Amino acid sequence: MHPAPSVIIFTSFSGLGFGLLLFLGLGFPPVTGWVAFVFYAIAYALAVGGLLASTFHLGNPQRALKAFTQWKTSWLSREAWLSVMALLVMAVYAFCAVFLDTRLTAIGWIGAALSLLTVYSTSMIYGQLRTVPRWNQPLTPVHLLTLSIAGGALLAGQMTAAAALLALAAAVQVAHWQVGDSALKESGTNLATATGLGTPGNIRAFEPPHTGTNYLLKEFVHVVGRKHSRKLRMIALTLCYGLPVVLLIIPGAGHLLGLLAVLSHVAGLVTSRWLFFAEAEHVVGLYYGKRSA
Amino acid sequence: MTELPASTQKKLGLVIDLDTCVGCHACVISCKGWNTENYGAPLSDTDAYGADPSGTFLNRVHSYEITPAEGPAQLVHFPKSCLHCEDAPCVTVCPTGASYKRQEDGIVLVNETACIGCGLCAWACPYGARELDALEGVMKKCTLCVDRIYNENLPEEDRQPACVRTCPAGARHFGDLGDPDSDVSKLVAERGGMDLMPEQGTKPVNKYLPPRPKQDRAEEFDILAPFLEPVAEDPKGFLGWLDKALERL
């Protein structure tokens, strides 16, 4: 899949933002007043900024409100509803915490649950697609959820929890790559089933429909070199999970090391998310002879 | 809306004969022409005369080379457009309700005034049947020429999809695949019509007729064959001397 910057930024930052809202809603840390204001400002900047970035890849963003209509079938529509509900509920909670010095526990729990559901709905937009076998696995929502929760814990300053959650998210990340690498082959879709002709190995794409490129090739047939993907995976593992964990378990780690851990995590997160899209093989690539499986 | 109808009264679709298609791309051109001049946003081209031409097409013809274990190799031309699936994944993922499947005839359409151009339907389609128009920012797809097939302003013979009407080889057939007695259904039954990517669970309406098995031409008798025998493989006399002399060089 084409790794569009708008979608990478959207999923990475909104995931972090809703992860932070989850912890704030649960009362970790139990902040009020101006400290709370700073926390909520960061959470809303990430979550709302991410959602706004997602509208940049729309062909006709002026009609975006229509995306609220099809929640019965569409995960994208559900995401629209859940994100707005999470942001509104948490806004009530944040307002009371910042200006009235009161934490409405029940509202916070509802907001936290909605934040988590928002991330789940985002993950299902990808996880539901049978056309992209690498995404169409139960670990896709687990991967995006664990990342969001771990990132949220890190931003919320929950050092011990963040270290443990990052380690868990790292394990899920590796498992997602492992399962994903053989997913296209195991999906049973290949050029022979795509065309109904021949058997795998004796059919070959002879020529594409046009000499030029097209929307399908640009959007779905991004091929990333195996060598580079291995290197990028190591970079993502180190920056997103490894280094932050090390920085967090240093005894007496202060704000400076915490900030370093966050910066490293964000850089690694964006790398991981770039790979999430760039490595995903859409089966339409088979018609163009662009998939080896 | 984006809930699929439980069943449709008709299952209008295409039957494409891979045995007959000659790969002339006439269907591609007539499709582009009709759908640029008629219903919906025109199918745009970008940099059409420049170094990197690209454009929106609703129908594209691929070509595949098949080398079976036995028998001669074959080149198969493979036209591909929307298959108007019964279980269309492109419809259910649409957040705005712009994508829908018609209850009366099963045609999958896009309401362009409701399309936000998010592209998710194209992601959900395994066949690459949907293309986001680069200029209009809305999703384009085969309409089965819905503005021709019911159009009483056209002569009756023109009331079929532009690709079918134009095909010079008669490789494309249009009809109701939900009616077992229709010409297209009979053709599918007779020729072993098949689904593309059945494992994706989309239940496509359009069917493809496989190429008929080719005879091995080398085994056929030809009265000119004796005259076409290879020249002496073990030359003697002057030719033998020439052969050896040339090899020594």
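Which residue just after α1(A) takes a positive phi? I looked this up at the end of the helix and found G27(A), with a phi of about 90 degrees. I note here that the model is predicted.

**Helix α1 of chain A**

I went back over the helix itself. α1(A) covers residues 5-26, which makes 22 residues. From its first C-alpha to its last I get 32 Å, close to the 32 Å expected at 1.5 Å a residue. I then checked burial: 18 of the 22 residues of α1(A) are buried, so the helix is largely enclosed by the rest of the structure.

**Nonpolar core**

I looked next at the largest nonpolar core, which has 146 residues. L20(A), L21(A), A150(A), L166(A) and C121(B) are the residues with the most contacts inside it. By element, α3(A) gives the most to this core, with 12 residues. In soluble globular proteins, nonpolar side chains tend to be buried together.

I listed the neighbours of C121(B), leaving out residues up to four places away in sequence. C121(B) touches C90(B), V93(B), C94(B) and S99(B), and also R130(B) and M139(B).

**Contact between chains A and B**

How many residues does each chain put into the contact? I count 45 from chain A and 53 from chain B. On the chain A side, the elements that give two or more residues are α3 (75-99), α8 (191-195), β1 (203-207) and α9 (215-220). Of the chain A elements, β1(A) gives the most to this side, with 5 residues. I sorted the chain A side by residue class and got 19 nonpolar, 19 polar and 7 charged.

I followed β1(A) across to the other chain. It is joined by 4 bridges to β4(B), residues 59-66, and the two strands run antiparallel. For E207(A), I find S63(B) as the bridge partner in β4(B).

**Sheet in chain B**

I traced an open sheet of 3 strands in chain B, in the order β10-β1-β11, with mixed pairing. Its edge strands are β10 (172-176) and β11 (207-209), each of which pairs on one side only. The twist averages 25 degrees from one strand to the next.

I checked one pair in detail. β1(B), residues 12-17, runs parallel to β11(B) and is joined to it by 3 bridges. Within this pair, V15(B) stands opposite K207(B).

Which helix lies across these strands? I find α6(B), residues 183-191, lying across β1, β10 and β11 of chain B. The helix runs at about 120 degrees to β10(B).

Notes. Residues are numbered from 1 along each chain as its sequence is written. Chains are lettered from A and ligands numbered from 1 in the order in which they are written. This is a predicted model: local features need pLDDT of at least 70, side-chain atom pairs count only at pLDDT 80 or more; totals for chains, interfaces and linings use all residues. Two residues are in contact if their C-beta atoms, placed from the backbone, lie within 7 Å. Ala, Val, Leu, Ile, Met, Phe, Trp, Tyr, Cys and Pro count as nonpolar, Asp, Glu, Lys and Arg as charged, and the others, Gly among them, as polar. Two strands pair if DSSP finds at least two bridges between them. The expected span of a helix is 1.5 Å times one less than its number of residues. A residue is buried if 20 or more other C-beta atoms lie within 10 Å of its own, exposed if 12 or fewer, and partly exposed in between; C-beta atoms are placed from the backbone. Axes are lines fitted to C-alpha atoms, for helices over the stretch in contact, and angles run from 0 to 180 degrees between N-to-C directions. A nonpolar core is a set of buried Ala, Val, Leu, Ile, Met, Phe, Trp, Tyr and Cys residues joined through C-beta atoms within 7 Å.
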